[in-house]
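User: Hi, I'm new to this one and would like to go through it with you. Could you put it up first?

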Amino acid sequence: MESNIVWHQHEVDKQRRAQAKGQKPCVVWLTGLSGSGKSTIANLLEKKLADNGKHTYLLDGDNVRHGLNGDLTFSDKDRVENIRRISELAKLFVDSGLIVITAFISPFKGERDYCRGLLQESEFVEVFVDTPLEECEKRDPKGLYQKARAGEITDFTGISSPYEAPESPEITLNFSGQSAQESAEQLFTQLKQKGLID
């Protein structure tokens with residue numbers, strides 16, 4: 001970073017913005033394989049939070065790649081940059097007092113830890129949507145696994161690119177045949193139990 005760039009401290013800070021919204025800002029980071037249900041669960045969680053008067057913003061992998069990260073490929077290097085940008089954006093949203101929900105495969109532990117390191121200890125909640133590869137392939141909502149198996153897509157997580165599962169996430173949603181709605185309700189309940197929402 002250039003040495004002549006200095007952080008300008010403003011009078012209205014994160015705490016004051018959070019107080020105005022009556023909530024604790026944080027990042028609820030959903031990670032899991034493609035087709036695991038991350039986006040659906042994140043969408044249902046945001047609706048539940050909004051129904052409870054919370055101020056939120058949902059960052060979804062495909063949506064962000066239409067704009068902010070539209071210049072990035074799916075190479076390992078660009079995946080790292082994708083998550084770096086999202087992490088910095090999530091940090092700004094937390095600073096604004098929002099509850100930020102993210103739904104990204106985010107396959108590498110180091111990149112998820114990068115976001116955690118940008119925030120205060122209680123502000124990052126890693127949620128592992130633990131759906132087995134076989135189930136994700138069976139769902140294959142975008143037909144991506146089929147293309148990856150046919151060699152039409154390279155660097156596809158779980159097939160030709162690794163996924164580093166979280167070792168000690170704050171919350172794990174285990175696939176046991178439950179619906180996305182049930183998973184979202186479970187996540188909402190656990191966030192309440194952890195005191196992140198009231």
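User: Which residues does the UniProt annotation "binding site" cover?

Analyst: Keeping in mind that this is a predicted model, the "binding site" annotation, which comes from an unreviewed UniProt entry, covers Gly32, Leu33, Ser34, Gly35, Ser36, Gly37, Lys38 and Ser39. From this set, Ser34, Gly35, Ser36, Gly37, Lys38 and Ser39 belong to the lining of the largest pocket.

User: And where is Leu33 found?

Analyst: Leu33 sits in the loop that runs between strand E1 (26-31) and helix H2 (38-51).

User: New topic: at what angle do H4 and H5 pack?

Analyst: Helix H4 (residues 76-95) and helix H5 (residues 109-118) pack at an angle of about 20 degrees, and their axes are 9 Å apart. Since angles under 35 degrees count as roughly parallel, H4 and H5 are therefore roughly parallel to each other, and H4 passes H5 in a right-handed crossing.

User: Which residues make that contact?

Analyst: On the H4 side they are Val80, Ile83, Arg84, Ser87, Glu88 and Lys91, while H5 contributes Glu111, Tyr114, Cys115 and Leu118.

User: How many of them are nonpolar, polar or charged?

Analyst: The residues of the contact of H4 with H5 divide into 5 nonpolar, 1 polar and 4 charged.

Notes. Residues numbered from 1 in each chain as written. Predicted model: local features only at pLDDT ≥ 70, side-chain atom pairs only at ≥ 80, totals over all residues. Heavy atoms only, no water. Axes fitted to C-alpha atoms, helices over the stretch in contact; angles between N-to-C directions. Helix = DSSP H or I, 4+ residues; strand = E, 2+ residues; numbered from the N terminus. Parallel < 35°, antiparallel > 145°, perpendicular 65-115°, else oblique. Left-handed = near helix turned anticlockwise from the far one by under 90°. Contact = heavy atoms within 4.5 Å. Nonpolar A, V, L, I, M, F, W, Y, C, P; charged D, E, K, R; others polar. UniProt positions renumbered as here; feature names shortened; annotations may be inferred. 1 Å grid on protein atoms, 1.4 Å probe; cavity = no way out; pocket = protein on both sides within 12 Å on 5 of 7 lines; lining within 4 Å.
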